[in-house]
Amino acid sequence: MSCGHSVTPMSLTSYCRRLLEEGRSRFVCAVCEEEWSFQEVQKMALLTPQEADDFKKMMWENYKEEFEVKSCPGCKSSVLRTNPNNLSVKCTVCSAGRVGSFVFCWQCLREWRGPAPRADCCDNEGCNTTPLETLKNCPDIVFQDSDLAKVTGCPSVRACPTCGVLVEHNTTKCKYVVCRCNANFCFICLKMEKDCNTSGGWFKLCSDGVAPRQTSIPSRRHV
C-alpha cells in the first residue's frame, strides 16, 4: 500500500468492508492509520465492479450520517456541518450580504449567541443539551463476555474522548471501540487502547476501573 504496509487483496477487501460496516466513510491502515484513497483500495484489493459499486454506496451512506445537512434559519439554503462537535455554524450565503458573519446554532436553529465553538448548546434560552442529557440519563451497560460482565456502573453511551461524538457499545465484543474519527479507545476507562491494559487484554478488567459519567462533551482535536 502507499503507506508501505503489505496486505493481500482478499484481506484488504475484508478489512475495508468491515470499516464500512462499522460506519466509517474512509479507509485507513490498521497499522499506521494513514488514509488510503478509494482508488487505491479498488486497485490493490482487485475489487470487482459489483464490489466497487457496493463500497461506493456504503461510503456515501456513512458520509451522510457523519456530516449532516440542515437549512439555514436565515436564507433557508442547505448548509453542511463538517465538525459534529461545534454547534456554531456559519452560513456563507447570509454572510455574503451583510457586515460580519451570520452564525446560527445547529441545535436550536437560531442566530448564535454566546462563545464559540461549543458542543453542548448556545446561550439562546431553551437550547436543548441533548447529548449531555443522553450521557446523564442513559442506562448502565451489561457486557456479555464473562469477564466484562463483572463491570458495573459503566454507562451504555460514551462521548469519544478525542472528538466528542456519542458512541454506543453493542455489549458482545471486546471493551475497545473505534470511533469515526479513528480513535481506538476503551469504553470502560475512556483511555486510548495503547494506554489501557498494555498487556493486550481486550476482555480484561481495567486497572483504573470505570471512568465516571461524562459531564461535558470533549472538543474535537486532531491527532
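Predicted model: local features only at pLDDT ≥ 70, side-chain atom pairs only at ≥ 80, totals over all residues.
Local features were taken at pLDDT of at least 70 and side-chain atom pairs at pLDDT 80 or more, while totals for chains, interfaces and linings use all residues. Residues are numbered from 1 along each chain as its sequence is written, and side-chain values rest on heavy atoms, with hydrogens and water left out.

A search of the whole structure turned up 0 disulfides, a disulfide being a pair of cysteine sulfur atoms within 2.5 Å. For Cys 154, the closest cysteine sulfur belongs to Cys 186 and sits 7.8 Å away, too far for a bond. Cys 174 is in no disulfide either, with the nearest cysteine sulfur, again that of Cys 186, at 8.8 Å. Cys 154 counts as buried, at 0% relative accessibility, and so does Cys 174, at 15% (buried is under 20% relative accessible area, exposed over 50%, partly exposed in between, with a 1.4 Å probe and protein chains only).

Pro 84 belongs to the loop that links strand 4 (78-80) to strand 5 (88-91); strands are DSSP runs of E, at least two residues, numbered from the N terminus. At 25% relative accessibility, Pro 84 is partly exposed.

Gln 214 turns up in the segment after strand 10 (184-186) and is buried, at 13% relative accessibility. A polar atom of the Gln 214 side chain lies 2.8 Å from the backbone oxygen of Ala 159. Leaving aside residues up to four places away in sequence, Gln 214 touches Leu 135, Arg 158, Ala 159 and Leu 190, contact meaning heavy atoms within 4.5 Å.

Note on methods:
Helix = DSSP H or I, 4+ residues; strand = E, 2+ residues; numbered from the N terminus. Polar contact = N/O pair within 3.5 Å; in protein donor to acceptor, adjacent residues only side chain to side chain.
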